[in-house]
Amino acid sequence: MSDIRYLDWPFFEERHRRLARELDAWAKDHVPQHHGADVDAQCRALVRALGADGWLKHAVAGLPHGAQDQVDTRAICLIRETLARHSGLADFAFAMQGLGSGAISLQGTPAQRDRYLSKVGRGEAIPAFALSEPEAGSDVGAMQCSARIEGDEAVIDGEKTWISNGGIADFYVVFARTGEAAGSRGISAFIVEAGTPGLEIARRIDVIAPHPLAQLRFSGCRVPLAQRIGEPGEGFKVAMRTLDVFRTSVAAAALGFARRALDEALHRATTRRMFNQTLADFQLTQAKLAQMATTVDSSALLVYRAAWLRDQGRTITREAAMAKLTATEGAQQVIDAAVQIWGGLGVASGVTVERLYREIRSLRIYEGASEVQQLIIARELLKDITATSRDRPSAASPTDQEPI
């Protein structure tokens, strides 16, 4: 396991420290370092294993489902960081059980929670979060997928794309425009089970770090209104609340990738001999390692600050954005440096740092690209300064000032 001294930080309780150590030991025995060609089958197997041994209960909320009464953000982040150090696909399998069912955990009705969360927590059902569209990724307000209400049913038409778990999910949380208001204020969320007439997998999408991904098409897809999550027109709020939890955990996964890259770089630097010494004896290598370690720790501080604040009941829009921006961009730099230290072997297919290089890239895009995180941070800063200005006494006019 990587340097675990950070577990002594005051962000954590003893149960979190125990969780991280136990999961690391479990992952060494149960998580394969590499997956075969059938990624769908491997992902299903990882979900079953994570559920059978109790790890997925942390991805859902609700005591009746074997979980905490509320989502424990620090636990989710520690799990994602730990799994990411071992396998990007294992991290993906865990994360999507949480993200895909997160809206139900946060705002589902008792009947919805009873029907879906226990199965998700046991690894017996795979969920998916269907928000993005071909023309509505970062700009959710541009959503075109629609749902019209007919009696006690919603009829959904449109497309969703870049949907993780697309093609293997047992149900999808789908966000569609219901027209209560303009822009993002007229969107509702619905649970659509796989196999519902009118829902089809339009195409599967291959990406550089393989995982189940698809484009969905809805054509007159009818779902009972009892499958709506939250109130009409509140789907955007549901989505943002879900992303606020899991955006921080994306940063934690990036942190896990970065920690593994630093471990690999240290191993290579201390064992690779060159010019009658090791790579680690060169000051250039030492400077690079120092920067990598500093980047890892600064990312960790932001990640676990955000997670701790949310677990205290605080709104963490700015803190989560800072954590995701810093951890994902920093991990890209750390992994790139690790590849450089490994030299030619660093770009050989199947080598750990090469795999990390492919796995980190998408984290800078999904659940809010780095540029979007910058906009969120700036917006929150400006909001704070505007509020402060309203409370501050007006500045004296030049004629009112005392002589210098």
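Gly 220 is found in strand 7, which covers residues 213–224. Strands here are DSSP runs of E with at least two residues, helices are runs of H or I with at least four, and both are numbered from the N terminus. The model is a predicted one, in which local features need pLDDT of at least 70, side-chain atom pairs count only at pLDDT 80 or more, and totals for chains, interfaces and linings use all residues. Residues are numbered from 1 along each chain as its sequence is written, and side-chain values use heavy atoms, with hydrogens and water left out.

How exposed is Gly 220? Gly 220 has a relative accessible area of 33% and is partly exposed. On this scale, buried means under 20% relative accessible area, exposed means over 50%, and partly exposed is in between, with a 1.4 Å probe and protein chains only. Leaving aside neighbours within four places in sequence, Gly 220 is in contact with Val 155, Ile 156, Asp 157 and Pro 197, where contact means heavy atoms within 4.5 Å. Gly 220 and Pro 197 are 23 residues apart in sequence, and their C-alpha atoms are 8.1 Å apart in space.

I turn next to a pair of helices. Two packed helices are described by the angle between their axes and the distance between the axes. The axes of helix 3 (residues 73–86) and helix 7 (residues 283–311) come within 8 Å and cross at roughly 150°. Helix 3 is therefore roughly antiparallel to helix 7. Axes are lines fitted to C-alpha atoms, for helices over the stretch in contact, and angles run from 0 to 180 degrees between N-to-C directions. Angles under 35 degrees count as roughly parallel, over 145 as roughly antiparallel, 65 to 115 as roughly perpendicular, and the rest as oblique.

Which residues of helix 3 make the contact? They are Thr 73, Arg 74, Cys 77, Leu 78 and Glu 81, and helix 7 contributes Val 303, Tyr 304, Ala 307, Trp 308, Arg 310 and Asp 311.

Let us now consider helix 5. Helix 5 (residues 110–122) has 13 residues and reaches 18 Å from its first C-alpha to its last, close to the 18 Å expected at 1.5 Å a residue; the expected span is 1.5 Å times one less than the number of residues. Where is the kink of about 30° in helix 5 centred? The kink is centred on Tyr 116, the bend at a residue being the angle between axes fitted to the seven residues ending there and the seven starting there. Tyr 116 is also among the buried residues of helix 5, together with Gln 112, Leu 117, Ser 118, Val 120 and Gly 121. These buried residues pack against several elements, including helix 2 (39–52), helix 4 (88–107) and strand 4 (171–177). After helix 5 comes Gly 123, with a positive phi near 80°.

Helix 4 also holds Asp 91. Is Asp 91 buried or exposed? Asp 91 is buried, at a relative accessible area of 3%. Not counting residues up to four places away in sequence, Asp 91 touches Arg 80, Leu 83, Ala 84 and Ala 253.

Finally, Phe 275 lies in the loop between strand 9 (273–274) and strand 10 (277–278). Phe 275 counts as exposed, at 67% relative accessibility. The phi of Phe 275 is near 55°, a positive value in a residue other than glycine.
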